[in-house]
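Work through the exercises below with the sequence and the model open. Each task is followed by a solution in steps.

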Amino acid sequence: TYVIAEPCVDLKDKACIEECPVDCIYEGGRMLYIHPDECVDCGACEPVCPVEAIYYEDDVPEQWGAYTKANADFFEEL
Ligand code: SF4
């Protein structure tokens with residue numbers, strides 16, 4: 001799955017939402033989140049993010065590692 005990290009917080013550009021072919025990017029209070037079970041790993045969202053907030057799960061920068069769980073947890077709480 002792909003993961004949205006810190007650069008999205010309080011920005012929510014939403015260019016990624018337009019690109020996602022399976023509509024698995026959702027809006028939260030302060031950022032957008034990718035549903036880990038719905039993402040098909042197509043990678044279309046990654047290059048359109050203006051602040052490089054989106055990463056493949058294995059490539060999430062270490063300082064933003066907690067965002068992998070944060071994306072999954074967002075959907076647990078719904
Ligand atoms: Fe959607 Fe593809 Fe990005 Fe996954 S990798 S969130 S399916 S655009």
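Predicted model: local features only at pLDDT ≥ 70, side-chain atom pairs only at ≥ 80, totals over all residues.

**Exercise 1.** Determine which residues form a salt-bridge network with Glu27, and where they lie.

Solution. 
1. A search of the whole structure gives 4 salt bridges.
2. In one of them, Glu27 pairs with Lys12 at 2.9 Å, N to O. Glu27 belongs to strand β2 (residues 25-27), while Lys12 sits in the loop between β1 (2-4) and α1, 15 residues apart.
3. Glu27 also forms a salt bridge with Lys14, with the closest N and O atoms 3.2 Å apart. Lys14 is in the loop between β1 and α1, 13 residues from Glu27.
4. Lys12, Lys14 and Glu27 are therefore linked in a network of salt bridges.

**Exercise 2.** Classify Lys12 and Lys14 as buried, partly exposed or exposed.

Solution. 
1. Buried means under 20% relative accessible area.
2. Lys12 has 18%, so Lys12 is buried.
3. Lys14 has 33%, so Lys14 is partly exposed.

**Exercise 3.** Describe the surroundings of Cys16.

Solution. 
1. Cys16 is part of helix α1 (residues 15-19).
2. Its relative accessibility is 5%, so Cys16 counts as buried.
3. Leaving aside residues up to four places away in sequence, Cys16 touches Ile25, Leu32, Cys45, Val48 and Ile54.

Notes:
Residues numbered from 1 in each chain as written. Heavy atoms only, no water. Helix = DSSP H or I, 4+ residues; strand = E, 2+ residues; numbered from the N terminus. Buried < 20%, exposed > 50% of the residue type's maximum accessible area, 1.4 Å probe, protein only. Contact = heavy atoms within 4.5 Å. Salt bridge = Lys/Arg side-chain N within 4 Å of Asp/Glu carboxyl O.
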